[in-house]
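Please read it alongside the sequence and the coordinates displayed here.

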Amino acid sequence: MNRPLSKYEQRLRRHRRVRRRIFGTAERPRLAVFRSLKHISAQLIDDTVGRTLVAVSDRQMKSGKSATVAVSKDVGRQLAERAKTLKIRRVVFDRAGHTYHGQVKALADGARAGGLEF
């Protein structure tokens with residue numbers, strides 16, 4: 001008899017399923033979100049060459065607080081500002097199997113407020 005999947009295994013399964021369809025290019029990189037219990041980070045990735053173009057983490061922020069909804073929104077804004085310097089304005093959003101809620105949604109809203117389109 002099969003055992004039920006843990007929440008982590010369910011998230012990984014969702015992430016793999018979505019990653020089959022999502023692909024970042026140089027013109028439209030993938031905005032990948034990483035979330036741990038204490039921190040949140042995001043990066044823009046060009047999957048054609050496997051290179052990270054821009055990366056931002058809440059550890060780099062001046063506040064020194066761990067990840068909250070407000071800090072996540074700031075991370076999104078900071079990512080958008082750095083992307084503007086590389087003349088990137090359109091991205092593909094990769095939520096990594098996380099639900100589009102709370103910190104992940106705040107990061108996306110912050111990136112949109114900063115000028116990114118997805």
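## Basis of the description

The model is predicted, so that local features need pLDDT of at least 70 and side-chain atom pairs count only at pLDDT 80 or more, while totals for chains, interfaces and linings use all residues. Residues are numbered from 1 along each chain as its sequence is written, and side-chain values use heavy atoms, with hydrogens and water left out.

## The sheet

Four strands form an open sheet in the order β3-β2-β1-β4, with mixed pairing; strands (E, at least two residues) and helices (H or I, at least four) are DSSP runs numbered from the N terminus, and two strands pair if DSSP finds at least two bridges between them. The edge strands, each pairing on one side only, are β3 (51-57) and β4 (92-94). Neighbouring strands are turned by 20° against each other on average, direction ignored, where axes are lines fitted to C-alpha atoms, for helices over the stretch in contact, and angles run from 0 to 180 degrees between N-to-C directions.

Strand β1 (residues 30-35) pairs with β4 in the parallel sense over three bridges, and R30 stands opposite V92 in β4.

## Helices against the sheet

Helix α3 (residues 103-113) lies across β1, β2 and β4 and runs at about 145° to β1. Helix α2 has 17 residues and reaches 25 Å from its first C-alpha to its last, close to the 24 Å expected at 1.5 Å a residue, the expected span being 1.5 Å times one less than the number of residues.

Within α2, the residues V71, S72, V75, G76, L79, A80 and A83 are buried, that is, under 20% relative accessible area, whereas exposed means over 50% and partly exposed lies in between (1.4 Å probe, protein chains only). These buried residues of α2 pack against β1, β2, β3 and α3, with contact meaning heavy atoms within 4.5 Å.

## Lining of the pocket

In the largest pocket, the largest share of the lining, four residues, comes from α1. A pocket is an open set of points on a 1 Å grid over the protein atoms alone, with protein on both sides within 12 Å along at least five of seven lines, where a 1.4 Å probe fits, and lining residues have an atom within 4 Å of a point. Among the lining residues are R35, H98 and H101.

## Two loop residues with positive phi

K87, in the loop between α2 and β4, has a positive phi of about 60° although it is not a glycine, and this residue is exposed, with a relative accessible area of 77%. A96, in the loop between β4 and α3, likewise has a positive phi near 60°, but A96 counts as buried at 7% relative accessibility.
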